[in-house]
Amino acid sequence: MTAVAFDTLRFVRTLRDKAKMSSEQAEGLADAIAEAIQNDLATKTDIAAVRTDIEALRLANRADLADTKAELIKWMIGTIGFQALVIVGGLVALARGLH
């Protein structure tokens, strides 16, 4: 993990001089902020890992979408075939009824 540039000494001096905090308060606040910054910021490695995960998900979604499209096409062709069979059956029944 790379270090983040945070000048705690300057921060403590600013808090003491401008905010009129005690040295203990200023140092405690500076330590807390420095720790939070170090623990919560993403590094370039973290971002690269997330990008890799996103790309893998994108590829998986494309594959799932292709499978879904193929399944839909199968269902549509089956439905159209069934409807055609019903229509032909109805026409045959109608033709037999007319004779």
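These legends describe close-up views of a predicted model.

The model is predicted, and local features need pLDDT of at least 70, side-chain atom pairs count only at pLDDT 80 or more, and totals for chains, interfaces and linings use all residues. Residues are numbered from 1 along each chain as its sequence is written, and side-chain values use heavy atoms, with hydrogens and water left out.

**View 1. The N-terminal end of helix α1 is capped by Asp7.** Helix α1 covers residues 8-18; helices (H or I, at least four residues) are DSSP runs, numbered from the N terminus. A side-chain oxygen of Asp7 lies 3.3 Å from the backbone nitrogen of Leu9. This pair can be read against the cut-off for a polar contact, a pair of N or O atoms within 3.5 Å; within protein, one must be able to donate a hydrogen and the other to accept it, and residues adjacent in sequence count only if both atoms are side-chain atoms.

**View 2. Lys20 follows α1 with a positive phi.** Lys20 sits in the loop between α1 and α2. Its phi is near 60 degrees, a positive value in a residue other than glycine. Lys20 is exposed because its relative accessible area is 67% (buried is under 20%, exposed over 50%, partly exposed in between; 1.4 Å probe, protein chains only).

**View 3. Glu24, Glu27, Asp31 and Glu35 form a negative surface patch.** Patches are made of residues with over 30% relative accessible area and no salt bridge, with like charges joined within 9 Å and nonpolar side chains (Val, Leu, Ile, Met, Phe, Trp, Tyr) within 5 Å. Asp and Glu count as negative, Lys and Arg as positive, and His and the chain ends are not counted. The place of a charge is taken as NZ of Lys, CZ of Arg, CG of Asp or CD of Glu.

**View 4. Arg58 and Glu55 are joined by a salt bridge.** A search of the whole structure finds one salt bridge, defined as a side-chain nitrogen of Lys or Arg within 4 Å of a carboxyl oxygen of Asp or Glu. The N to O distance between Arg58 and Glu55 is 2.9 Å. The two residues are three apart in helix α3, so about one helical turn separates them. Arg58 is partly exposed at 40%, as is Glu55 at 35%.

**View 5. Ile87, Leu91, Leu94 and Leu98 make a nonpolar surface patch of about 460 Å².** Accessible areas come from the Shrake-Rupley method with a 1.4 Å probe; for residues, only the protein chains shown count as cover. Leu94 is found in helix α3 (residues 44-98) and is exposed, with a relative accessible area of 52%.

**View 6. Leu85 is placed in helix α3.** Leu85 is exposed at 62% relative accessibility. Leu85 and Lys44 are 41 residues apart in sequence, and their C-alpha atoms are 61 Å apart in space.
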